[in-house]
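User: I have a structure to get through before class. Can you walk me through it?
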Amino acid sequence: KESQVVILGAGYDTRCLRVKMEENVKAFELDLPVIQNRKLQCYEKLGFMINERAKYIGCNFEQEKWTERLKSNGWNKDIPTCFIFEGNSMYLDRDVIEETMQFIGNQCSNGSIIAFDFVDKEWVDFMKPLMKHDPEQLLRFGLFKGEHEVFLKCAGLNVVEYLEYEHLLKRYIPEAIDGETMGYCIDFGGFVIGRV
């Protein structure tokens, strides 16, 4: 059965290079053209073989319809898709995030999912005056504690899983023999998986 993976705001994520994908999986990465070009240049310089089933799409989420760029590069709305949206929702305006969720909830096939993280809205509001000097790093989007379920439901999505700080620590950061954790995670907001 065919399936698709879409990495929104991929940055220097190397999943399409590192993760072995089955023959029936197509992958699409979207990010700013300068970042996509730089990443592909690095791959070439290092001699990495680029996955032929992956498309690297240059797109500015705030100035272009990323959905149109995705469609014009071979994405098929009738094939279940896993959208990965990590580490960048907080830098975009709420209307961009809402449009993204509504597109997935209303135009993607049943079984499609989105996995995304978000920052706590109280943290966003606290940081805004402190980040005025660096507009590219200004936090703009966040959700209040417990708002994720209503936010996704309004877009036609159901919450499959919601992980907060404590859950992420237990699941992904192992404990050493002395009981201390072997890594670090800040209490930033949450990680949600939603399904059409």
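User: Which residues of α4 are buried?
Analyst: This is a predicted model. In it, Val96, Ile97, Thr100, Met101, Phe103, Ile104 and Gly105 are the buried residues of α4.
User: What covers them?
Analyst: The cover includes three strands, β1 (3-8), β4 (81-85) and β5 (113-119). It also includes the helices α3 (66-72) and α6 (148-153).
User: How many residues does α4 have?
Analyst: Helix α4 has 14, running over residues 94-107. From first C-alpha to last it reaches 19 Å, close to the 20 Å expected at 1.5 Å a residue.
User: New topic, the sheet. What order do the strands have?
Analyst: The order is β3-β2-β1-β4-β5-β7-β6. That makes an open sheet of seven strands with mixed pairing.
User: Which strands stand at the edges?
Analyst: β3 (54-58) and β6 (158-163) do. Each has a single partner strand, so one side of each is left without a neighbour in the sheet.
User: And how are neighbouring strands turned against each other?
Analyst: By 15° on average, direction ignored.
User: In which sense do β1 and β4 pair?
Analyst: They pair in the parallel sense, over four bridges. Valine 6 stands opposite phenylalanine 83 in β4.
User: Back to α4. Which strands does it touch as it packs on the sheet?
Analyst: α4 touches β1, β4 and β5. Its direction makes about 165° with that of β4.
User: What about α7? Where does that one pack?
Analyst: Helix α7 (residues 165-172) packs on the sheet too, touching β6 and β7 (189-195). The direction of α7 makes about 75° with that of β6.

Terms used. Residues are numbered from 1 along each chain as its sequence is written. This is a predicted model: local features need pLDDT of at least 70, side-chain atom pairs count only at pLDDT 80 or more; totals for chains, interfaces and linings use all residues. Side-chain values use heavy atoms; hydrogens and water are left out. Helices (H or I, at least four residues) and strands (E, at least two) are DSSP runs, numbered from the N terminus. The expected span of a helix is 1.5 Å times one less than its number of residues. Buried means under 20% relative accessible area, exposed over 50%, partly exposed in between (1.4 Å probe, protein chains only). Contact means heavy atoms within 4.5 Å. Two strands pair if DSSP finds at least two bridges between them. Axes are lines fitted to C-alpha atoms, for helices over the stretch in contact, and angles run from 0 to 180 degrees between N-to-C directions.
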